[in-house]
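Please view the sequence and the structure together before reading on.

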Amino acid sequence: MIRYECFEWLAPQLTDQLVVTSLSGQRVEWGHLSKRDADLTLGSMGNALAVGIGIALALPHRKVFVFESDGSLLLSLFNLTTLANLNPSNLAVFVFDNQAYSGTRISVPSATAGKTDLAAMAKGAGIEHSVTARELKDFQTEATGALNESGLRFVVCKIQESLRHREITRSNVDLLETKYKFVRYLEETEKKPIFLGRG
């Protein structure tokens, strides 16, 4: 399965769903395909799931998608137990597992290239709907379910290691600018102030 093809299929399906992406090639690919103010692209690894959990809890009436990578999730496995116990029914987590740290110019195998099974770890943490998708049709099935059904979903997407993100012209929008656009979008759609500025 190829991550870019997953995103190509999903991007046109989204309306007012909120998306949080971790720092990896997926942030570049998703940012290239989706230009929505409802997307929050983070500039650090290990934080997307935690931020997504917080947003889902704060806005239980909004559907939240989190796009993680295997490397990012491995940096913050404690989030799995938090996720299981809080169990937000409006959250869908998709972990794009290419079995490598390949966001930089260096590609090094991650633990999932060996014996580590992230879906099994999530299931062991207490996340009932924890599955592995290996084909595009499986991803489409899980994403369609996330769009149309209630309930926490945790989907590990086994993808090919791809360098496509290195070929995409990087956005000229700073990550701080993206954050504020996301906050202003929430203020507009939720009809309430969130950030009032300093001084």
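Which residues do ring pairs link into a cluster? The cluster consists of Phe7, Trp9, Trp30, Phe65, Phe67, Phe94, Phe96 and Phe139. The model is predicted, with local features requiring pLDDT of at least 70 and side-chain atom pairs pLDDT 80 or more, while totals for chains, interfaces and linings use all residues. Residues are numbered from 1 along each chain as its sequence is written, and side-chain values use heavy atoms, leaving out hydrogens and water.

**Aromatic pairs**

- Rings of Phe, Tyr and Trp (its six-membered ring) pair if their centres lie within 6.5 Å; planes under 30 degrees apart count as stacked, over 60 as edge-to-face and the rest as tilted.
- The count by this rule is 10 aromatic pairs.
- Phe7 and Phe67 form a tilted pair, 5.1 Å centre to centre with 35° between the planes.
- Phe7 lies in helix α1 (residues 3-10) and Phe67 in strand β3 (residues 64-69), so this pair ties together parts 60 residues apart in sequence; helices (H or I, at least four residues) and strands (E, at least two) are DSSP runs, numbered from the N terminus.
- Phe67 also forms an edge-to-face pair with Trp30, at 5.0 Å centre to centre and 75° between the planes.
- Trp30 belongs to helix α2 (residues 25-33), and its pair with Phe67 in β3 links parts of the chain 37 residues apart.

**Burial**

- Phe7 is buried (under 20% relative accessible area; exposed is over 50%, partly exposed in between; 1.4 Å probe, protein chains only).
- Trp30 and Phe67 are both buried.
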